[in-house]
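Trainee: Could you walk me through a structure, slowly please?
Mentor: Gladly; let us look at it together.

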Amino acid sequence: MSVTTDMKRNEQIKKDFKEKMDYDELLNCMRCGFCLPSCPTYIETKGNEAASPRGRIALMKAVVDGKMEPDEDFEAQLSLCLGCRACEPACPSGVKYGHLLEQALDILQTKKKYSPPVKMFRSLIFNQLFPHQSRMRGLNGLLWFYQNSGVQKVARATKMTGIVGKHLSTMERVLPSIASPKQLKNRPSHVEAEGVVKKKVAFFSGCLMDTMFMETNDSTLYLLKKANCDVVIPQTQNCCGALHAHSGEMDTAKELAKKNIVAFEEGEFDHIVSNAGGCGAVLVDYGHILKDEPKWKQRAEAFSAKVKDISEILLDVGLPEMELDPQIITYQDSCHLRNVQGTFSAPRKLLQSIKGTQFMEMKDADQCCGSAGTYNIIEQEMSMQILDHKMAKVDEVKAATIVTANPGCLLQMKLGVEREGKQKTMKAVHIVDLLAEAVKYKEKQLQKV
Amino acid sequence: MLTKEVRGKLVDIVGGENVKDSQQDLIVYSYDSTPDYQAIPDAVIKPRNKQDVSEIVKVCNSHGVPIVPRGSGTNLCAGTTPLEGGIVMIFNHMSEILEIDDENLTITVQPGVITLDLIEAAEAKGLFYPPDPGSMKISTIAGNILECSGGLRGLKYGVTRDYVIGLEFVMPNGDIVKTGGKLAKDVAGYDLTRLMVGSEGTLGIITEATLKLIPIPETKKTMLALYDSLEAAGNTVSKIIANRIIPATLEFLDQPTIQVVEDFAKIGLPTEAGAVLLIEQDGPAEVVERDIEKIAEICRETNAISVQIASTPEEGAALTAARRTALSALARMKPTTILEDATVPRSKIAEMVRAIEKIAKENDVQICTFGHAGDGNLHPTCMTDARDKEEMKRVEKSFEEIFKKAIELGGTITGEHGVGVMKSPYLSWKVGETGVDAMFAIKQAFDPNNIMNPGKIFAKDTRKRVVVEK
């Protein structure tokens with residue numbers, strides 16, 4: 001990039017920061033520092049103020065105030081933020097840090113000159129792939145082919161996977177076993193309660209969840225059925241837009257939000273159920289995302305008000321008795337489920353009610369695992385540092401099962417197990433998969449008697 | 001900007017990685033928790049040990065470079081804002097707990113240890129470090145010592161100064177001085193330990209501290225009392241103390257605060273109540289039981305409209321919700337929150353709060369008051385917008401009147417936040433011109449070149465914050 005285009009970009013960014021950043025929200029930070037101990041990057045950098053929420057807000061404000069150039073350090077510092085939003089519950093002033101970060105990334109994004117390959121990759125992911133469920137299925141088909149055709153075996157045996165880097169090759173190993181294209185085609189649109197209907201709900205199936213993590217979606221529907229919920233699965237829904245909102249692709253995020261709002265306006269139900277913390281956090285934020293569009297604002301807020309995490313619903317309506325083989329279970333919070341949706345006790349209560357097992361709370365379970373959307377690919381070094389510290393906490397409670405509530409966290413924790421070489425003694429699972437297993441286990445026990 | 005020579009010398013001492021002066025580093029160490037204060041330093045430096053500190057100070061002293069020692073930047077008097085530039089010194093590399101001594105009941109720490117980590121380390125050994133400033137989750141111990149932080153337990157257990165028994169610090173000329181020790185009694189010369197406590201970084205830099213610990217109280221019980229009027233609550237406070245009971249915590253909220261808290265947290269506080277008292281007692285179970293019963297009786301005698309006693313720790317936590325959410329509730333109302341700490345003898349609390357109400361009304365500003373009723377340390381908190389210059393003038397005028405009233409009632413301009421820049425124009429109101437002179441003589445003796453945190457405690461001729469001509 002030439003010096004002049006660089007300067008032009010800089011000027012445009014400064015202008016955009018002045019015009020687009022929510023200055024009231026920036027001022028709302030009273031710099032008390034209560035957020036610092038909650039921030040994983042502040043902790044991991046051993047107390048670098050610039051890597052804290054208070055510091056990042058000060059940096060954003062300095063750019064708006066014209067006290068600072070939006071230089072490389074600035075962009076790198078915002079990129080280093082996990083976006084876990086652990087700072088929000090800790091903030092006495094209620095600063096919406098997540099919104100500020102999104103605004104800043106959105107500005108930097110639109111002005112960003114990527115190298116052609118990166119540009120193509122981003123366009124592929126954000127515009128061509130995630131917004132289109134049929135294409136997500138297509139990609140899934142490729143992965144399925146990879147896993148089931150013998151290509152995987154050959155690739156692993158010849159260490160071909162190593163070409164993409166050590167980290168991605170480990171990632172490749174922890175991917176769930178993929179459902180076949182045929183299975184994907186026959187997704188249900190309605191599931192009936194097993195007994196007398198207690199609640200009517202709509203299921204937000206998610207793009208990744210309904211392809212790569214299809215089994216988890218099946219477990220979710222199974223549990224809802226067992227809990228006597230009538231479930232509709234609107235067929236015109238699509239990706240929630242979380243990845244887009246967090247990566248500065250706000251326009252696409254808005255389009256996706258609108259499509260989902262329309263998809264869930266038909267039919268009668270009390271709640272919209274999500275089983276991925278990351279999706280849920282964006283779904284409850286549609287009101288904010290569309291706040292500047294008068295036609296949509298109210299509809300978005302009505303949508304968001306209905307969104308609930310699966311664990312809240314299951315705890316509320318109640319599950320049949322559960323049991324599993326003796327094991328120590330621990331729970332890793334999904335940041336967005338905890339910090340944005342405020343759900344943290346429901347999953348723990350559900351896990352504690354599984355007979356035969358012992359629930360152990362690990363230290364700092366509320367701290368990010370380092371997955372954070374695409375963070376573990378973009379900011380690998382920090383992500384792995386966080387993960388290794390996380391695994392040490394898992395080891396402290398001697399857990400055999402690490403439960404998560406979001407696909408990103410699940411893959412990350414699986415990666416953690418791999419990195420420690422503990423695949424034989426330790427596993428990471430999504431909460432609904434474990435609960436479904438526990439319900440089935442107990443049913444079998446009862447049948448034996 | 002630092003000269004090439006000075007920068008080079010600093011890099012020689014601590015290494016390049018510990019001298020930070022990128023745009024980003026300078027911005028994020030340009031502020032603390034004090035609203036509306038910001039000043040860019042020339043560099044940020046991270047010493048690794050006391051020798052580093054000593055060498056850095058020598059360089060700065062010979063070149064006249066200001067030094068601002070900074071913990072986590074949570075103070076409320078602009079004490080760590082580098083008003084005159086220079087270097088901000090941070091202690092990330094000096095944050096170890098060095099020793100907990102079971103026999104002498106002391107803890108020895110490096111300056112950068114987080115207060116809560118220290119408290120938890122002591123508790124793990126069945127010991128207790130009582131000072132609990134509001135920011136203890138993130139504040140550093142040296143920050144607490146240099147500001148002499150208080151907290152909720154001040155009435156019964158005292159404040160930071162009551163627990164500092166030994167220090168190691170670097171003088172502004174680079175000399176390393178050791179004071180006190182693991183000693184309950186020590187009268188060897190001037191009490192330099194006490195002099196350093198609350199000196200706000202103007203006399204030297206703490207490199208190690210030895211603190212007194214006490215046995216941890218066995219149990220704790222919490223109660224909440226509601227009143228029609230502030231005066232009734234004031235009577236309760238006076239009567240509790242007159243009955244020779246010293247509660248561990250004795251906190252209050254005034255009516256405007258109650259309304260804001262209820263509006264925000266919806267915890268069922270009657271908004272028509274004139275005041276709320278939150279009372280906690282700790283100690284052996286039978287003593288706690290007896291005290292709490294007696295206090296409840298006093299509350300009723302002094303016309304409390306309701307008295308709730310928690311029977312479990314969970315219920316206790318619920319009762320403290322009103323007090324705990326006070327700051328959050330207030331901070332959410334307006335962009336700028338100014339939290340002050342005027343303090344009066346406890347018998348004057350009701351009178352002081354009434355005066356604050358009147359001052360707020362007269363100046364047409366919004367001030368809610370809550371705080372430590374037991375030790376008379378009030379937190380009149382103003383919700384405003386720093387961008388509204390006209391209103392800010394009225395805010396400043398109000399606080400000036402509040403400080404004046406506090407002194408009239410035998411109180412002080414600051415109970416636990418420190419003078420810093422915020423209150424330097426008012427220092428002579430409290431200690432008199434001769435008092436300021438005496439303090440300045442000490443400052444000059446220690447720091448003739450005025451490199452240590454310049455611009456703090458002692459006001460310049462131009463009194464920036466005074467807007468009302470007297």
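**A buried threonine and its surroundings**

Mentor: B:Thr369 is buried, because 27 other C-beta atoms lie within 10 Å; a residue counts as buried if 20 or more other C-beta atoms lie within 10 Å of its own, as exposed if 12 or fewer do, and as partly exposed in between, with C-beta atoms placed from the backbone. Please keep in mind that this is a predicted model, in which local features need pLDDT of at least 70, side-chain atom pairs count only at pLDDT 80 or more, and totals for chains, interfaces and linings use all residues. Residues are numbered from 1 along each chain as its sequence is written, while chains are lettered from A and ligands numbered from 1 in the order in which they are written.

Trainee: Which strand does B:Thr369 lie in?
Mentor: B:Thr369 belongs to strand β17 of chain B; strands (E, at least two residues) and helices (H or I, at least four) are DSSP runs numbered from the N terminus.

Trainee: And what does B:Thr369 touch?
Mentor: Leaving out residues up to four places away in sequence, B:Thr369 touches B:Asp254, B:Thr257, B:Val353, B:Ile356, B:Leu378, B:His379 and B:Pro380, where contact requires that the C-beta atoms, placed from the backbone, lie within 7 Å.

Trainee: Which residues of α14(B) are buried?
Mentor: In α14(B) the buried residues are B:Ile349, B:Ala350, B:Met352, B:Val353, B:Ala355, B:Ile356, B:Ile359 and B:Ala360. These buried residues pack against α8, β13, β17, β18 and α15 of chain B.

Trainee: How far apart are the end C-alpha atoms of α14(B)?
Mentor: They are 20 Å apart, which agrees with the 20 Å that the 14 residues of α14(B) should span at 1.5 Å a residue; the expected span is 1.5 Å times one less than the number of residues. Just after α14(B), B:Asp364 takes a positive phi of about 55°.

Trainee: What about α8(B), which residues are buried there?
Mentor: The buried residues of α8(B) are B:Leu230, B:Ala232, B:Ala233, B:Gly234, B:Thr236, B:Val237 and B:Ile240, and they pack against β12, β13, β14, α10, β15 and α14 of chain B. After α8(B) comes B:Arg244, with a positive phi near 65°.

Trainee: Switching topic, how many residues are in the largest nonpolar core?
Mentor: That core has 255 residues, and those with the most contacts inside it are A:Leu59, A:Leu435, B:Val276 and B:Leu277; a nonpolar core is a set of buried Ala, Val, Leu, Ile, Met, Phe, Trp, Tyr and Cys residues joined through C-beta atoms within 7 Å. The element that gives the most to this core is α14(B), with eight residues.

Trainee: Now chain A: what is the strand order in the open sheet of four strands?
Mentor: The order is β9-β7-β10-β11 in chain A, with parallel pairing, and two strands pair if DSSP finds at least two bridges between them. In chain A, β9 and β11 stand at the edges with a single partner strand each, so one side of each is left without a neighbour in the sheet.

Trainee: How many bridges join β10(A) to β11(A)?
Mentor: Four bridges join these parallel strands, and A:Val403 has A:Val429 in β11(A) as its bridge partner.

How values were computed
Contact = placed C-beta atoms within 7 Å.
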